[in-house]
Amino acid sequence: MGIEEAKRIIMDHFAGAARRFGFNELYGYIYGVLFLAREPMSLGEIAEATGYSLSHVSTALKFMERIGLVVRIKKPGDKKAYFRATKLLKDWRQAAYYAKIMEDIQQTRANLERALRELEGEEGEEAESIRQSIEFAMRRNALAERILRFLIEHEDEEVLERLINCLESG
């Protein structure tokens, strides 16, 4: 039971992560199966391992391939397509989590800029107070975007460790 339970825990983890990031849990189950697989798996093998239909798994794999979570592999002399996980949890986070945060940051910037434009020509204490609040939020939002871009662009754990050490040392 130990091996099967360990596999179930990993698959449930990725299914939960997929749900938290706003994706169908099937993406998490597929990623979990492929993450644990020693060899690339066919569509049929993935469907059997996850318990989902071939059509659902096929649709999910197309999306996962497009965002870089899985890679399609052709074996010489075999007409089937095989798939493997990227094996980089960074890719899972980036595709699922970082993309959602970046989308929110960009939407926040657009809304703040729109609100600031609405204040053009407005004078008085209230307009100035709102303007200052918006400008503060825009600076914070720009910092958040820079931090997120740094995380996305620097996959080297050593660079990230040095960043953390620098931040923690004050």
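Predicted model: local features only at pLDDT ≥ 70, side-chain atom pairs only at ≥ 80, totals over all residues.
Strands of a sheet pair through backbone hydrogen bonds, either parallel or antiparallel.

Take the pairings in turn. Strand β1 covers residues 41–42 and pairs with β3 in the antiparallel sense over two bridges. Here S42 stands opposite Y82 of β3. Strand β2 covers residues 70–74, and its antiparallel pairing with β3 runs over five bridges. In that pairing, R72 has F83 of β3 as its bridge partner. The hairpin of β2 and β3 has six residues between the strands. One of the residues to look for in this hairpin is G77, which takes a positive phi near 80°.

Now look at β3 itself. How many of the five residues in strand β3 are buried? The strand spans residues 81–85, and four of the five are buried, so β3 counts as mostly covered. In a regular strand the side chains alternate between the two faces of the sheet.

Return to S42, in strand β1. Is S42 buried or exposed? Its relative accessibility is 6%; buried means under 20%, so S42 counts as buried. Leave aside its neighbours within four places in sequence, and S42 is in contact with K80, A81 and Y82.

Next come the helices. Y27 is found in helix α2. Y27 has 16% relative accessibility and therefore counts as buried. Y27 and L61 are 34 residues apart in sequence, yet their C-alpha atoms are 7.8 Å apart in space.

Helix α2 also packs against another helix. Two packed helices are described by the angle between their axes and the distance between the axes. For α1 (residues 2–20) and α2 (residues 25–36), the angle is about 140° and the axes are 7 Å apart. The crossing of α1 and α2 is right-handed. On the α1 side, the contact is made by K7, I10, M11, D12, F14, A15, A18 and R19. On the α2 side, E25, G28, Y29, Y31, G32, V33, F35 and L36 take part. What kinds of residue make up this contact of α1 with α2? Ten are nonpolar, two are polar and four are charged.

Last, find helix α3, residues 43–50. Its buried residues include I46, A47 and T50. Why are these three on the same side of α3? They cover an arc of only 100° around the axis, and that puts them on the same side. What covers the buried residues of α3? The cover includes α2, β1, α4 (54–66) and β3. After α3 comes G51, with a positive phi near 85°.

Terms used:
Residues numbered from 1 in each chain as written. Heavy atoms only, no water. Axes fitted to C-alpha atoms, helices over the stretch in contact; angles between N-to-C directions. Left-handed = near helix turned anticlockwise from the far one by under 90°. Contact = heavy atoms within 4.5 Å. Nonpolar A, V, L, I, M, F, W, Y, C, P; charged D, E, K, R; others polar. Buried < 20%, exposed > 50% of the residue type's maximum accessible area, 1.4 Å probe, protein only. Pairing = 2+ DSSP bridges. Arc of directions from axis to C-beta.
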